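Here are my notes on this model, point by point. Please read them with the structure open.

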Amino acid sequence: ITLMRDGERIESAVDLSLPPQLVPWYMYDKTPSYLVYAGLVLTPLSVPYLMAEYGHRWQRYAPVGLLDPTMYGVLDDEGEEVVVLSQVLASDSTSGYEDINN
């Protein structure tokens with residue numbers, strides 16, 4: 001890009017690439033990862049997950065707390081991700097929480 005500053009012509013390079021997104025939109029050739037801990041099933045938030053949970057119109061029906069990092073989240077540190085509680089399995093440690101779901 002060429003700029004004029006104080007009457008002087010300056011050439012400068014501008015990076016127009018998008019910043020890495022916090023929530024992946026596509027997961028080609030990857031199986032979804034999850035962690036089961038004490039009956040709690042945790043999984044990274046992704047657009048395929050939102051589509052599976054809220055359908056084709058996930059942008060309308062998903063909770064705002066999930067939409068905000070999906071639409072506007074920027075990856076600041078390598079390995080950073082948003083994790084959601086996707087399911088509660090019935091066990092002694094989750095007694096009383098079995099009915100919690102998306």
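**Notes on loops, pocket and surface**

1. Asp29 sits in the loop that runs between S2 and S3. This is a predicted model, so all values below are computed from it. The phi angle of Asp29 is positive, about 55°, although the residue is not a glycine. Asp29 has 83% relative accessibility. The cut-off for exposed is over 50%, so Asp29 counts as exposed.

2. Ala38 also deserves a look. Its place is the loop between S3 and S4. Phi of Ala38 is near 55°, which is a positive value in a residue other than glycine. Is Ala38 buried, partly exposed or exposed? The relative accessible area of Ala38 is 41%, so this residue is partly exposed. Buried would need a value under 20%, and exposed one over 50%.

3. Thr31 belongs to the loop between strand S2 (8–11) and strand S3 (35–37). Thr31 counts as exposed because its relative accessibility is 69%. How far is Thr31 from Leu75, C-alpha to C-alpha? The separation is 21 Å, and the two residues are 44 apart along the chain.

4. Pro20 is another residue in the loop between S2 and S3. With a relative accessible area of 47%, Pro20 is partly exposed. From Pro20 to Pro44 there are 24 residues in sequence. In space, their C-alpha atoms are 16 Å apart. Pro44 comes up again at the pocket.

5. Now the largest pocket. Its space is about 380 Å³. Two elements each give two or more residues to its lining: strand S4 (40–44) and helix H1 (47–54). Which of the elements gives the most to this lining? It is S4, with three residues.

6. The lining of the largest pocket has 20 residues. Nearest the centre of the pocket lie Met27, Pro32, Ser33, Pro44 and Ser46. By residue class, the lining of the largest pocket holds 12 nonpolar, five polar and three charged residues.

7. Last, the surface. Which residues form a nonpolar patch there? They are Ile1, Leu3, Val14 and Leu16. Together, these four have about 420 Å² of accessible area. Ile1 lies in the segment before strand S1 (2–5). The relative accessibility of Ile1 is 56%, so Ile1 counts as exposed.

Note on methods
Residues numbered from 1 in each chain as written. Predicted model: local features only at pLDDT ≥ 70, side-chain atom pairs only at ≥ 80, totals over all residues. Heavy atoms only, no water. 1 Å grid on protein atoms, 1.4 Å probe; cavity = no way out; pocket = protein on both sides within 12 Å on 5 of 7 lines; lining within 4 Å. Points joined across faces, edges and corners; volume = space filled by probe spheres on them. Helix = DSSP H or I, 4+ residues; strand = E, 2+ residues; numbered from the N terminus. Nonpolar A, V, L, I, M, F, W, Y, C, P; charged D, E, K, R; others polar. Patch = residues over 30% accessible without salt bridge, like charges linked within 9 Å, V, L, I, M, F, W, Y side chains within 5 Å. Areas by Shrake-Rupley, 256 points an atom, 1.4 Å probe, with all protein chains shown as cover. Salt bridge = Lys/Arg side-chain N within 4 Å of Asp/Glu carboxyl O. Buried < 20%, exposed > 50% of the residue type's maximum accessible area, 1.4 Å probe, protein only.
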